[in-house]
Amino acid sequence: MAIRTRTDYENALQAVGICVSARIPVLLWGNPGEGKTAVIESAAGQGWHVETLIISHYEPSDFAGLPVVTSDGSVDLAPPGWAKRLAAVDGPAIAFFDEFSTASPALQAAALRPLTHYEVGSLQLPKTVSFVAAANPADVAAAGWELAAPTASRFVHVDWSLPLEVYAEGLVTGHWPSLPVCERPADLDVLTSDELVLVSGFLRARESQLSSIPADAASRGRAFPTPRTWDYAARLSAFARAVKATPDVRRLLIAGCVGEAVAHEFLSWASALDLPDPEHLLSAPELAIFTGMRPDRVYVTLQGVLAAVSRDRTPQRWSDAIRLCAIAGEQCGLDPAVPIVRSLLRGGVRPSAAPVPPEIKVFAPALALAGLLPGS
């Protein structure tokens with residue numbers, strides 16, 4: 001999405017700040033001289049340690065670790081100085097990989113483990129570190145490379161530019177917008193659970209969008225749907241809701257994870273659901289009405305019930321969830337309810353003292369096939 005106005009710029013700035021605050025790797029794409037480095041390093045003014053690496057100055061061993069023979073004859077992967085400095089920080093920090101489009105395929109491959117496992121050689125980085133990268137499009141980068149698909153899928157992709165209104169004001173006043181970073185919101189876990197339910201429901205309806213790697217090299221270097229990027233999308237959407245970000249910021253984040261076309265389809269589908277509150281359903285399952293619901297809406301509603309029971313597992317809530325599935329099965333057909341019943345019966349979800357309600361018999365054939373029939 002092109003940045004043309006101050007509002008566009010502020011939306012992109014908040015989207016990047018949410019990624020940094022949520023500790024999900026983000027990559028800023030923009031032309032040289034557009035202020036990408038300055039805005040990331042502005043986090044230092046808010047107490048964040050920022051470790052900036054000009055990627056073309058490094059070798060793969062600076063990310064994978066330098067092999068060193070120890071005194072006992074074994075080989076250790078010694079971490080580089082930048083990783084040691086980050087590990088020593090007592091507080092939030094950013095590992096900023098600048099000029100990332102100058103990273104060769106070998107360097108990109110070496111960076112994969114730090115990005116998702118926080119490991120640099122033999123050193124384990126703390127989870128207080130956020131990874132950020134900035135890149136010029138390959139056609140304007142100095143000795144630029146397209147990103148490989150495994151590398152691209154580890155980032156949220158945000159287009160970046162500096163609109164005239166922001167630039168002109170900054171020139172005159174000397175004050176430039178800083179990166180808005182924040183603490184973890186108190187209600188993030190519940191909101192994340194809700195967003196994961198939506199993603200699960202959408203992918204059940206559009207299974208082909210679970211993983212769709214583009215055919216051309218340029219598109220493979222940007223956002224596309226994979227199980228990892230859908231997880232990113234759900235978590236960032238929840239964070240955006242928690243900090244009361246605008247719908248435009250939420251759309252930017254989801255598009256940065258799975259691509260604009262898929263994000264539009266997902267958001268349009270989600271906005272049409274109008275789901276009932278799972279806690280309300282669990283409080284009075286006998287009053288639940290599923291008649292006339294689309295199968296995908298039934299599935300997402302029951303997934304919400306499953307998520308609510310998983311957060312607060314009591315025997316009564318678990319039994320009521322089974323009853324709700326049975327009611328939905330009787331009113332709308334079994335197919336949308338069977339996956340949720342299976343999940344409720346699997347280990348770790350059912351409380352040890354929870355009685356199996358008699359209504360479960362409607363699912364007996366499907367549960368027998370899965371080896372989950374109670375008492376079998």
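## Strand S1 and its partners

Two strands are said to pair if DSSP finds at least two bridges between them. In this predicted model, strand S1 (residues 26–29) and strand S8 (residues 129–135) meet that condition, for four bridges link them in the parallel sense. Within S8, Ala 134 is the bridge partner of Leu 28. Strand S1 is also joined by four bridges to strand S9 (residues 156–159), and these two strands likewise run parallel. Here the bridge partner of Trp 29 is Asp 159 of S9.

In a regular strand, the side chains alternate between the two faces of the sheet. Strand S1 has Val 26 and Leu 28 on one side, with Leu 27 and Trp 29 on the other.

Trp 48 lies in the loop between helix H2 (36–41) and strand S2 (49–54). Is this residue buried or exposed? Trp 48 counts as buried because its relative accessibility is 8%, and the limit for that class is under 20%. Leaving aside residues up to four places away in sequence, Trp 48 touches Val 20, Ser 21, Arg 23, Ala 43, Pro 92, Ala 93, Ile 94, Ser 130 and Val 181. Leu 236 stands 188 residues from Trp 48 along the chain, and the C-alpha atoms of the two are separated by 20 Å.

Asn 11 belongs to helix H1 (residues 6–22). With a relative accessibility of 11%, Asn 11 is also classed as buried. Beyond residues up to four places away in sequence, its contacts are Thr 246, Asp 248, Val 249 and Leu 252. Thr 226 is placed in the loop between helix H9 (217–220) and helix H10 (227–242), and its relative accessibility of 8% makes it buried. When residues up to four places away in sequence are not counted, Thr 226 touches Ser 153, Leu 210 and Ser 211.

## Cysteines without disulfides

How many disulfides does a search of the whole structure find? The search finds zero. Cys 182 is in no disulfide, and the nearest cysteine sulfur, that of Cys 19, is 11 Å away. A disulfide requires two cysteine sulfur atoms within 2.5 Å. Cys 182 is partly exposed, with a relative accessible area of 30%.

Cys 332 counts as partly exposed, at 26% relative accessibility.

## Domains and the contact between two of them

The domain assignment of the protein gives domain 1 (1–183), domain 2 (187–272) and domain 3 (278–370). The C-alpha centres of domain 2 and domain 3 are 26 Å apart. Their contact takes 11 residues from domain 2 and 11 residues from domain 3.

The size of an interface is often given as the accessible area lost when the parts come together. Between domain 2 and domain 3, the buried area is about 830 Å², and carbon and sulfur atoms give 59% of it. On the domain 2 side, Val 197, Arg 204 and Trp 269 supply 53% of the area buried against domain 3, more than any other three residues. The number of salt bridges between domain 2 and domain 3 is zero.

How values were computed
Residues are numbered from 1 along each chain as its sequence is written. This is a predicted model: local features need pLDDT of at least 70, side-chain atom pairs count only at pLDDT 80 or more; totals for chains, interfaces and linings use all residues. Side-chain values use heavy atoms; hydrogens and water are left out. Buried means under 20% relative accessible area, exposed over 50%, partly exposed in between (1.4 Å probe, protein chains only). Domain bounds come from an automatic or database domain assignment. Contact means heavy atoms within 4.5 Å. Buried area is the accessible area (1.4 Å probe) that two parts lose on being put together, summed over both. A salt bridge is a side-chain nitrogen of Lys or Arg within 4 Å of a carboxyl oxygen of Asp or Glu.
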